[in-house]
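Let's walk through a model together and learn to read a few of its features. Bring your questions.

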Amino acid sequence: MRQAPKPARDVAAEITALIIAKLEEGVPPWSRPWAARGSSGGPLRHCGTPYTGINRLYLWAIADSRGYGSRYWMTYRQANELGGQVRRGETASLSVYYSSFRKTETDSATGEESQKNIRFLRAYSVFNAEQVDGLPAHFYLAPPEPVPQLPSERQAAIDAFFAAVPAEVRHGGDQAYFSPTFDYIQLPRPEAFKSMDHYASTRAHETVHWSGHASRLARAFGKRFGDEAYAFEELVAEIGAGLVCAELGLPNELHGGHASYVAHWLGILRADKTAIIHAASKAEQAFAYLCSFAEAQGAGDAATVDQRDMAEAA
């Protein structure tokens, strides 16, 4: 007797359920993992390539839930190719990606054919290195205990990152916000914050908002989120700020002003199982956009040095 086929996994629903659980615990997965596990940066593929988008958030959350210390993830086959063996009984996690196919549609009235591109979410199973025996030693090495950084050491990285971003920042008052109408960021004076790290964390959040302006990434959510569009933009900014904070080694606490959005975020995620995937993608796009300013400046500085060296040689 043939067995009934297993129902297909609802990948988006599984991911959303975990993110919701983390929010309900008060532990947004874009803010805590690198501090909680003592590891810096995000999850890595077996070859060392960083995960991006929803995979970064989801595998962060999985590692946080299960207490994994290693940043490395791999498929069963990749583990074997590296000389390892997934331990019996270990549960795989998901890594997702979008695939697509073209579908021919015929207009019933005219008989004309047209091509439509259909996108769909696919997933494959991955394991954390701590679920695998026999891998090379560096996959298991726990990162060293974080060494307290002098403010000046961290401040150099903070200053370099934000100095490259051509956003107008105004200081004064007791509010932090981005004004899309007049295109500037408003922040309290740095001395009003508990530390310069907290100032930079707040600035990161508002700078992600700045990236979504109509003249830049033109981030708009329209009818899809309706009345919740503003809360969704706050979710994108909070995730994006988490990525900036991870890059700079900054604390990224859920600020009191943003905590009120948690209920809205939960409502959005429960109503639309693909919302967190969309938010992570937009946050990753914003993060890459902000990083591109420093990268461009670095390339320009290198070119200036090369030109100076050539002039001196001549």
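Q: What should I know before I start?

A: This is a predicted model, where local features need pLDDT of at least 70, side-chain atom pairs count only at pLDDT 80 or more, and totals for chains, interfaces and linings use all residues. Residues are numbered from 1 along each chain as its sequence is written, and side-chain values use heavy atoms, with hydrogens and water left out.

Q: What span should the 16 residues of helix α6 have, and what is the distance between its end C-alpha atoms?

A: Helices (H or I, at least four residues) and strands (E, at least two) are DSSP runs, numbered from the N terminus. The expected span is 1.5 Å times one less than the number of residues. For α6 (residues 196-211) that gives 22 Å, and the end C-alpha atoms are 22 Å apart, which agrees.

Q: Which residue caps the N-terminal end of α6?

A: S195 does, with a side-chain oxygen 3.3 Å from the backbone nitrogen of D197.

Q: Which way do the side chains of β9 point?

A: In a regular strand the side chains alternate between the two faces of the sheet. Here, Y184 and Q186 point one way from β9 (residues 184-187), I185 and L187 point the other way, and all are buried.

Q: In what sense do β7 and β8 each pair with β9?

A: Two strands pair if DSSP finds at least two bridges between them. β7 (residues 169-171) runs parallel to β9 over three bridges, with Q186 as the partner of R170.

Q: How do I read the lining of the second largest pocket?

A: Rolling a probe the size of a water molecule over the atoms shows where empty space is left. A pocket, on a 1 Å grid over the protein atoms alone, is an open set of points where a 1.4 Å probe fits, with protein on both sides within 12 Å along at least five of seven lines; lining residues have an atom within 4 Å of a point. This one is lined by 20 residues, with F178, P180, H209, Y230 and E233 nearest its centre. Its largest share, four residues, comes from α8.

Definitions and conventions. A polar contact is a pair of N or O atoms within 3.5 Å; within protein, one must be able to donate a hydrogen and the other to accept it, and residues adjacent in sequence count only if both atoms are side-chain atoms. Buried means under 20% relative accessible area, exposed over 50%, partly exposed in between (1.4 Å probe, protein chains only).
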